[in-house]
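Let's take a friendly walk through the aromatic side chains of this structure and the residues around them. Have the viewer open as you read.

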Amino acid sequence: MNAIAFANEDAQGVGPDKVIANGLSVDVEDWFQVGAFEDVIERDSWSTLDNRVERNVHEILDLFDEAKASATFFTLGWVAQRHGPLLREIAQRGHEIASHGWDHQRVFRMDRESFACDIERTRKTIQDCCGQRVDGYRAPSFSIDHRTPWAFMELAEQGYLYSSSVAPITHDHYGWAEAPRFAFQPIPWHDLVELPVTTAIFRGKRLAAGGGGFFRVLPYAFSRWAIRQVNRTDQRPAIFYFHPWEIDPGQPRVAGAPLRSRLRHYTNLSKMSGKLRQLINEFAWGRMDVVAHREAARIAVEMASDQEMAV
């Protein structure tokens, strides 16, 4: 991928883009809870490790205040249980709190019964901590895919209004390449809305462009080009995410992890805050529940139009 090629495709200048409000989200998990380290750090050891999530979230909250941006914090139940005051502060500062599952178990490694227990426990814990209703869910590592059709049905039955759990790409850790690129209703008879993480199209191929490690590792020009493509060409909101540990270059190093995992996890941590500040100020951002509501309305209009044409 060539950053110059992406920049050259964006022929509409470099000024701020504030027309479409994009979905801004934070997956609240600590450095030792990421999927890249799940085979080298035992869950039973988590409580003994250096807990850095609170300081990192406070830095993110200050960054959002500075930019006057609202966001959604998809939070692990494990984190919520230990940091109730932090969740209350997130809510008091105007942000949405949603579910990221209990302890970062990937959905495709659970059955429906264990998944149901996981999301019910997490939702209750978060709501008890912050007093804010939980309407949204994001699967750890975007792990809802073709293997888990029951996951959407369980979310609907438990009263969730939206999910942002699908990565419509091919990836070595996750991905559902056949899924739609933009918001869709995964259950035809239910209003639940899925907001896939953003992808862009380059020479006929889908590229992951919704944040996380891709945002850290690739040049900023790529993210600017991708979000402008989604906003201007597709006329749709982008869905962007990152993690608190991504702004923390001082976090401990995990020596036993595979080289690829370590490269993905630690590259450009010191540059992340600056890149985030630039991105948040260049584009318009909002909470995921607001984006979900608008996309649900758009889907309803499109469905009504299709029905009229079919008559």
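In this predicted model, the count of aromatic pairs comes to 20. W46 belongs to the loop between strand 1 and helix 2, while W78 is part of helix 3 (residues 77-82), so the pair ties together parts that are 32 residues apart in sequence. With a relative accessibility of 4%, W46 counts as buried, and W78 counts as buried too, at 9%.

Next, look at F74 and Y162. Here the ring centres are 6.4 Å apart and the planes meet at 75 degrees; since angles over 60 count as edge-to-face, this pair is edge-to-face. F74 sits in strand 2 (residues 72-75) and Y162 in strand 5 (residues 162-163), so parts 88 residues apart in sequence are tied together. Both F74 and Y162 are buried.

Leaving aside neighbours within four places in sequence, Q33 is in contact with W46, L76, W78, V79 and H104. Q33 lies in the loop between strand 1 (17-28) and helix 2 (53-67), and its relative accessible area is 2%, so Q33 is buried. Its side chain reaches the backbone nitrogen of D30 at 2.7 Å.

Aromatic rings also gather into a group: F64, F73, F215, Y220, F240, F242, F283 and W285 form one cluster. Charges meet rings as well. The charged end of R147 sits over the ring of F108, 3.9 Å from its centre, and R123 lies over the face of Y160, at 4.3 Å from the ring centre.

Methods: Residues are numbered from 1 along each chain as its sequence is written. This is a predicted model: local features need pLDDT of at least 70, side-chain atom pairs count only at pLDDT 80 or more; totals for chains, interfaces and linings use all residues. Side-chain values use heavy atoms; hydrogens and water are left out. Helices (H or I, at least four residues) and strands (E, at least two) are DSSP runs, numbered from the N terminus. Buried means under 20% relative accessible area, exposed over 50%, partly exposed in between (1.4 Å probe, protein chains only). A polar contact is a pair of N or O atoms within 3.5 Å; within protein, one must be able to donate a hydrogen and the other to accept it, and residues adjacent in sequence count only if both atoms are side-chain atoms. Contact means heavy atoms within 4.5 Å. Rings of Phe, Tyr and Trp (its six-membered ring) pair if their centres lie within 6.5 Å; planes under 30 degrees apart count as stacked, over 60 as edge-to-face and the rest as tilted. A charge sits over a ring if NZ of Lys or CZ of Arg is within 6 Å of the ring centre and within 35 degrees of the ring normal.
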